[in-house]
Amino acid sequence: MGRPRTFDRDQAIEQAMHIFWENGYESTSLAQLKAGIGNGIAAPSFYAAFGSKEALFQECTQRYLATHARVTDALWDATLAPRDAIETTLRSSARMQCERGHPKGCMVGLGFMSAPSADNAAVTAPLTRSRERTRAGIAACVQRGVDSGQLRADTKVGALATVFDAFLLGLSTLARDGVGHALMDAAITGVMSAWDASRAAPR
């Protein structure tokens with residue numbers, strides 16, 4: 001019989017997620033992962049537990065998408081006004097990205113840098129799909145604003161949605177550069193003026 005595992009697998013996934021979140025997929029070495037999981041784990045135990053670095057990354061990605069990435073859930077909350085859904089998403093994401101206890105920024109937002117080579121593009125596909133889903137959610141909110149008469153009928157939905165999407169993605173760089181949450185939150189108030197500038201005239 002093999003030796004029993006001397007580490008908590010769930011905790012190991014959390015620790016590995018933080019390492020990948022901080023460094024990206026390609027820049028994270030097996031040595032870093034083995035050293036960062038609990039008190040370290042021997043190579044045979046690592047492969048027995050996780051299969052491979054790629055398999056571990058996929059588990060970590062799913063953990064992130066099921067937890068931290070849910071800051072965008074408001075985009076699909078039909079009980080929220082479309083403007084409120086976008087603003088709630090931006091503020092929730094900015095708050096999460098600046099929290100203590102995990103790396104700064106957003107693992108999804110930073111995903112395009114996690115595996116920049118074409119050989120590993122498939123590894124980060126779930127993060128790419130998450131960004132695409134968020135982009136579609138923002139666009140749906142803008143379209144909902146047009147359809148409900150809150151925004152002018154001639155509003156360029158794609159352009160306005162891109163304003164908010166680009167801002168959201170940019171928060172990761174700001175967080176990594178040490179920009180504080182208070183400044184980000186104030187900037188969100190400013191970027192929401194793009195919505196207000198497209199408001200339909202009162203009837």
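Modeller: Buried means under 20% relative accessible area, exposed means over 50%, and partly exposed lies in between, with a 1.4 Å probe and protein chains only. Helices (H or I, at least four residues) and strands (E, at least two) are DSSP runs, numbered from the N terminus. The model is predicted: local features need pLDDT of at least 70 and side-chain atom pairs count only at pLDDT 80 or more, while totals for chains, interfaces and linings use all residues. Residues are numbered from 1 along each chain as its sequence is written, and side-chain values use heavy atoms, with hydrogens and water left out.

Biologist: Which residues of helix α3 are buried?

Modeller: Helix α3, residues 43-50, has F46, A49 and F50 buried. They lie on the same side of α3 because they cover an arc of only 75 degrees around the axis, the arc being that of the directions from the helix axis to the C-beta atoms. The face turned away from that buried side carries the exposed residues P44 and A48.

Biologist: What do the buried residues of α3 pack against?

Modeller: They pack against α1 (9-23), α2 (30-36) and α4 (53-66). After α3 comes G51, whose phi is positive, near 90 degrees.

Biologist: Why is A74 called buried?

Modeller: A74 has a relative accessible area of 11%, and buried means under 20%, so the term applies. The residue is placed in the loop between α4 and α5 (82-98). Leaving aside neighbours within four places in sequence, A74 is in contact (heavy atoms within 4.5 Å) with L80, A85, T88 and T89. A74 and S92 are 18 residues apart in sequence and 9.3 Å apart in space, C-alpha to C-alpha.

Biologist: What makes T72 buried?

Modeller: The relative accessible area of T72 is 10%, which is under 20%, and therefore T72 is buried. T72 is also found in the loop between α4 and α5. Leaving aside neighbours within four places in sequence, T72 is in contact with T89 and T134.

Biologist: How many disulfides does the structure hold?

Modeller: The structure holds 0 disulfides. C98 is in none, and the nearest cysteine sulfur, that of C106, is 12 Å away.

Terms used: Disulfide = S-S within 2.5 Å.
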